[in-house]
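Please look over the model shown below before turning to the briefing. The notes that follow are grouped by topic.

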Amino acid sequence: MPELPEVETVMRGLETVLTGQRITQVTLARSNLRFPFPPGFAKRIEGRLVLRLQRRAKYILAFLDGGEVLILHLGMSGRFTIIDVRGRMTGLGEFYDEAATPDSGKGPHDHVVFTRADGLRIVYTDPRRFGLMDLVAEEGLLTHKLLAQIGIEPLGNEFGAAYLAEGFRGKKAPLKAALLDQTLIAGLGNIYVCEALHRAGLSPKRRAGSLVKKTSFDPRLEELARHIRAVLTEAIAAGGSTLRDFVHPQGDKGSFQQVFAVYDREGEKCRKRRCGGTVKRIVQSGRSTFYCPKCQK
DNA sequence: CGGGACTCCTGCCAGC
DNA sequence: TGCTGGCAGGAGTCCC
């Protein structure tokens with residue numbers, strides 16, 4: 001579910017309640033999420049100070065003072081809820097819904113509760129349990145099974161048309177699949193790939209390698225790289241309003257509603273000026289792709 | 001090896 | 001209203 005911008009937003013929210021704080025208690029409601037919790041998970045975190053948080057791809061990393069790093073992944077349906085000492089709740093994540101089952105820490109899908117020294121609780125809720133948590137020594141972080149193969153960050157300095165060209169060279173996979181490949185680019189998911197391809201005017205069905213020549217590449221890769229950055233940056237900025245809601249819970253709840261140009265808009269008119277096409281939904285490697293056949297070639 | 005199908009799990013919604 | 005089938009934003013694993 002959450003892609004890079006949502007994970008970034010959740011990470012920033014967690015930063016405000018975890019950085020510089022000591023976790024005194026970790027409670028597990030079950031022995032696994034997607035994978036089993038590592039041996040001694042709760043005890044190894046209890047008593048530790050959280051030094052800093054960082055996002056890598058769709059993972060959230062919490063560096064602890066004992067030299068270990070807590071690895072969090074939200075999967076498709078993971079979210080956090082902050083419950084302060086007075087019992088006031090604040091949701092972290094796009095899918096937080098106050099009207100839904102309160103994440104008291106005792107709900108059927110409340111799997112992990114982190115309790116701070118002052119009693120504030122951070123509850124992890126995940127109905128589908130595609131999320132995961134792991135705890136590893138900081139030295140082993142880069143070689144960790146889940147992180148070792150991850151590609152570069154699309155908002156980092158190395159990312160650009162030249163990088164895409166090298167990654168796409170010789171690739172027969174469709175653009176859509178190539179962009180979703182986490183070993184090439186870290187953190188892109190189904191929605192933002194659809195949106196970036198639409199903005200760039202590139203068909204999701206086109207073979208990735210078709211944009212790369214022997215000694216040069218199609219200039220539209222520049223456009224693609226630019227739009228990938230733009231769509232992610234805008235989404236993070238929109239998430240930032242969620243973050244303000246986090247600080248001031250009375251803030252406008254609808255302010256973080258994303259507006260997508262093609263995603264989930266099958267049958268609607270293409271939003272590009274003077275296009276006049278109709279958004280189509282197709283299935284690529286088992287996932288929905290939304291695009292405009294008229295302006296995406 | 002690259003690429004695609006399958007898989008985990010639950011909630012939700014459209015259609016009957 | 002209640003049931004059923006299909007679908008969901010991730011990603012590891014298996015197989016060709």
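This is a predicted model: local features need pLDDT of at least 70, side-chain atom pairs count only at pLDDT 80 or more; totals for chains, interfaces and linings use all residues.

Helices (H or I, at least four residues) and strands (E, at least two) are DSSP runs, numbered from the N terminus. Residues are numbered from 1 along each chain as its sequence is written, and chains are lettered from A and ligands numbered from 1 in the order in which they are written.

**Overall make-up of chain A**

- Chain A has 6 helices and 11 strands, and 39% of its 297 residues count as buried; a residue is buried if 20 or more other C-beta atoms lie within 10 Å of its own, exposed if 12 or fewer, and partly exposed in between, with C-beta atoms placed from the backbone.
- Among contacts in chain A with a separation of 6 or more, 65% are made by residues 24 or more positions apart, where two residues are in contact if their C-beta atoms, placed from the backbone, lie within 7 Å.

**The open sheet**

- An open sheet is formed by 9 strands in the order S6-S5-S8-S7-S1-S2-S3-S4-S9, with antiparallel pairing; two strands pair if DSSP finds at least two bridges between them.
- Strand S6 (89-92) and strand S9 (132-137) stand at the edges with a single partner strand each, so one side of each has no neighbour in the sheet.
- From one strand to the next the twist averages 30°, given that axes are lines fitted to C-alpha atoms, for helices over the stretch in contact, and that angles run from 0 to 180 degrees between N-to-C directions.
- Strand S1 (residues 22-28) is joined to strand S2 (residues 48-56) by 2 bridges in the antiparallel sense, with Leu-49 in S2 as the bridge partner of Arg-22.
- S1 also pairs antiparallel with strand S7 (residues 110-116) over 5 bridges, and here Val-26 stands opposite Phe-114 in S7.
- Helix H1 (residues 4-18) lies across S2, strand S3 (59-64), strand S5 (79-83), S6 and strand S8 (121-125), and runs at about 165° to S2.

- S3 and S4 run antiparallel and are joined by 5 bridges, Tyr-59 having His-73 in S4 as its bridge partner; in their hairpin, which has 3 residues between the strands, Gly-67 takes a positive phi near 95°.
- S4 (residues 68-73) pairs with S9 over 6 bridges in the antiparallel sense, where His-73 has Leu-132 as its bridge partner and Leu-72 stands opposite Met-133.

- S5 pairs antiparallel with S8 over 5 bridges, with Ile-83 opposite Arg-121 in S8.
- S5 is joined to S6 by 4 bridges, again antiparallel, and Ile-83 stands opposite Met-89 in S6; the hairpin of S5 and S6 has 5 residues between the strands, and Gly-87 in it takes a positive phi near 90°.

- Leaving aside neighbours within four places in sequence, the contacts of Ile-60 include Val-7, Met-11, Leu-14 and Leu-53.
- Leu-70, which lies in strand S4, is buried, with 23 other C-beta atoms within 10 Å, and beyond its neighbours within four places in sequence it is in contact with Ile-45, Ala-62, Leu-64, Met-133 and Leu-135.
- Helix H5 (residues 190-200) is largely enclosed by the rest of the structure, because 9 of its 11 residues are buried, among them Tyr-192, Glu-195 and His-198.

**Surroundings of DNA strand B**

- DNA strand B is surrounded by 12 residues, of which the closest are Pro-127, Arg-128, Lys-171, Lys-172 and Ala-173; a residue is near a molecule or strand if its C-beta atom, placed from the backbone, lies within 6 Å of it.
- The residues of this surface divide into 6 nonpolar, 2 polar and 4 charged, where Ala, Val, Leu, Ile, Met, Phe, Trp, Tyr, Cys and Pro count as nonpolar, Asp, Glu, Lys and Arg as charged, and the others, Gly among them, as polar.
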